[in-house]
Amino acid sequence: MKLTTRGRYAVMAMADLALFKDKGPTSLTDISLRQNISLAYLEQIFIKLKNKNLVKSIRGAKGGYVLESSPEEIKISNIISAVDEEVKMLNCKKESKKGCNHKSSKCITHNLWDQLDQHINDFFESVKLQDLVKKNQTLNK
């Protein structure tokens with residue numbers, strides 16, 4: 001499965017924001033320390049998240065980032081796509097006239113991987129940020 005650290009870290013950072021949302025704006029430094037993600041990498045991720053209106057920045061001494069919407073409204077699929085990620089098992093493109101591996105037909109397992117892609121993407125579409133926060137709170141009790 002192709003999902004880079006950028007997609008995983010974006011979900012981790014957004015879950016961190018959701019978990020600490022009641023404490024006000026959260027600095028990227030705090031997220032970096034809690035989630036063990038490079039600050040420079042987080043800065044790149046948050047530019048994309050902000051451009052897609054998933055987070056907003058608050059300036060000032062007590063500034064940082066907050067969620068643009070409630071965690072109940074933010075789907076994991078929105079976060080992954082905001083950082084230009086896509087989850088796919090196949091290298092071929094559905095709209096391409098060429099099949100898998102640049103041959104004229106699809107490989108014998110093409111439909112299997114295509115269905116798996118659909119299941120994974122449906123799963124990310126169905127899970128909300130709040131679901132991650134609730135699971136984390138339940139596990140840490």
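With which residue does arginine 34 form a salt bridge? In this predicted model, in which local features need pLDDT of at least 70, side-chain atom pairs count only at pLDDT 80 or more, and totals for chains, interfaces and linings use all residues, the partner of arginine 34 is aspartate 16, with the closest N and O atoms 2.7 Å apart. Residues are numbered from 1 along each chain as its sequence is written, and side-chain values use heavy atoms, with hydrogens and water left out.

A salt bridge is taken here as a side-chain nitrogen of Lys or Arg within 4 Å of a carboxyl oxygen of Asp or Glu, and by this rule the count comes to 5 salt bridges. Helices (H or I, at least four residues) and strands (E, at least two) are DSSP runs, numbered from the N terminus. Relative accessible area under 20% is termed buried, over 50% exposed, and in between partly exposed (1.4 Å probe, protein chains only).

Among these salt bridges is that of glutamate 85 with arginine 6, whose closest N and O atoms are 3.1 Å apart. This pair links distant parts of the chain, 79 residues apart, with glutamate 85 in the loop between α4 (76-82) and α5 (110-126) and arginine 6 in helix α1 (residues 5-19). Glutamate 85 is buried at 10% relative accessible area, whereas arginine 6 is partly exposed at 27%.

Glutamate 125 forms a salt bridge with lysine 75, the closest N and O atoms being 2.6 Å apart. Here glutamate 125 lies in helix α5 and lysine 75 in the loop between β2 (64-67) and α4, 50 residues apart.
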